[in-house]
Amino acid sequence: MTTTNSQSAAPLSALPDSPEKLNRMRIKHTRIGQMMGELGTLIYPESQDSILLVCGPSGVGKSTLARHMVDSALQEAVAQMDKNAGLIPAVYVEAPASGESDFSWRLFYQRILHQLEGDLSMPKTAYGIDAETGRLVRPRGATGNSLAALRTAVERALRTRETRFLVIDEAAHIIRQTRRNRLEIQLDTLKSLANECGTQMVLVGSYDLYQLVSLSGQLARRTHVLHFERYRQDRDEDLRAFRACVQKFQDALPNLWGQQLMQHADALLENTLGCIGTLSAVLTRAAVLAQKDGVWSVDALRRALLTEAQRHQILEEILEGEAAINPGLTRTMPHVSGHGSRRQDRSVA
């Protein structure tokens, strides 16, 4: 990143929350808007797509997308939720990385139930909803706390809450904590849960997720893949969208950046590889460094950037992921002659 000598802005003593404010920012930028639009179209009752896979590079903003999806669904359902205290149309949960040798379905189910029931003690076996409080009501004396009981409770809770979709963030943990010969079983478990409850599963994670579609034809048929791409330097529309994100960060803390941040937008695109989550981390780190220095400077921004070694490693993973997923997302339309006979397949974007 080429920069000029350090430039000073106002002292930061009056801006103690600058890094925290940046860390809390969730920008609904162009790519997230596109992804939410497509997901909103694909999530509907009786959908044949039990599982939606959202794959993308590290730092692209997948967790922000996941939370935006759930927040948006809850906001849209405010009137319905006022009438029905038990309704929870969408749920966000992070797939656990428990440190165990295999993926912990017990912890995963407990996390879902926590979102659906609140801070209620185990066992989690639900039979109904209190119409006034919206809390799940369980029969007295229920003691089932086995994995099967947890699964049954999750099914009942999702049905009773009328949950349309469940967003599973960091879903690659399911793969990384599973032996290759058991991956199909893990995905079958999620598909079965979706079918039992009528709740679509949205798995959000790294490019590792894409290998799930190659496990079996049955799973591939019920799974739809979406590629959450980074902003690229070789696309004019991506350059404009990324610069708009930098502008939003600049506008969020005008007393910190002044008008100095936008002049480094293209250099930030190159350093962060067009990933908005990485951009947010870099700018938050720059704000922390500037706060420690007591004044904003270009030097603080330079010190906050990814090192070349970090950038090289991330870029390698991105290019490998893009090379794996892009050919698999090609769709073909059979070309039919005037007599109705199939002649050849024609690729479509």
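The legends below describe several close-up views of a predicted model.

Residues are numbered from 1 along each chain as its sequence is written, and side-chain values use heavy atoms, with hydrogens and water left out. Because the model is predicted, local features need a pLDDT of at least 70 and side-chain atom pairs count only at pLDDT 80 or more, whereas totals for chains, interfaces and linings use all residues.

**View 1. Confidence along the chain.** The mean pLDDT of the chain is 83, and 81% of the residues score at least 70; pLDDT is the predictor's confidence in each residue, from 0 to 100.

**View 2. The open parallel sheet.** Five strands, in the order β2-β5-β6-β1-β7, form an open sheet with parallel pairing; two strands pair if DSSP finds at least two bridges between them. At the edges are β2 (90-94) and β7 (223-227), each of which pairs on one side only. Neighbouring strands of this sheet are turned against each other by 20 degrees on average, direction ignored. The parallel pairing of β2 with strand β5 (residues 165-169) extends over five bridges, and the bridge partner of V93 in β5 is I168.

**View 3. Helices α2 and α3 on the sheet.** Helix α2 packs on the sheet, where α2 touches β1 (51-55), β6 (200-205) and β7, and its direction makes about 170 degrees with that of β7; axes are lines fitted to C-alpha atoms, for helices over the stretch in contact, and angles run from 0 to 180 degrees between N-to-C directions. Helix α3 lies across β1, β2, β5 and β6 and runs at about 160 degrees to β5.

**View 4. The crossing of α2 and α3.** The axes of helix α2 (residues 30-42) and helix α3 (residues 62-76) come within 10 Å and cross at roughly 50 degrees. That makes α2 oblique to α3, given that angles under 35 degrees count as roughly parallel, over 145 as roughly antiparallel, 65 to 115 as roughly perpendicular and the rest as oblique. The crossing is right-handed; a crossing is left-handed if the near helix is turned anticlockwise from the far one by less than a right angle, and right-handed if clockwise. On the α2 side I32, M35, M36 and L39 meet T64, L65, H68, M69 and S72 of α3.

View 5. Helix α5 (residues 105-117) and helix α8 (residues 183-197) have axes that come within 13 Å and cross at roughly 25 degrees, which makes α5 roughly parallel to α8. This crossing is right-handed, and W105, F108 and Y109 in α5 meet Q186, T189 and L190 in α8. With helix α6 (residues 147-160), α5 packs at an angle of about 30 degrees, their axes being 10 Å apart, and α5 and α6 are therefore roughly parallel to each other. The crossing of α5 and α6 is left-handed.

Technical notes:
Helices (H or I, at least four residues) and strands (E, at least two) are DSSP runs, numbered from the N terminus. Contact means heavy atoms within 4.5 Å.
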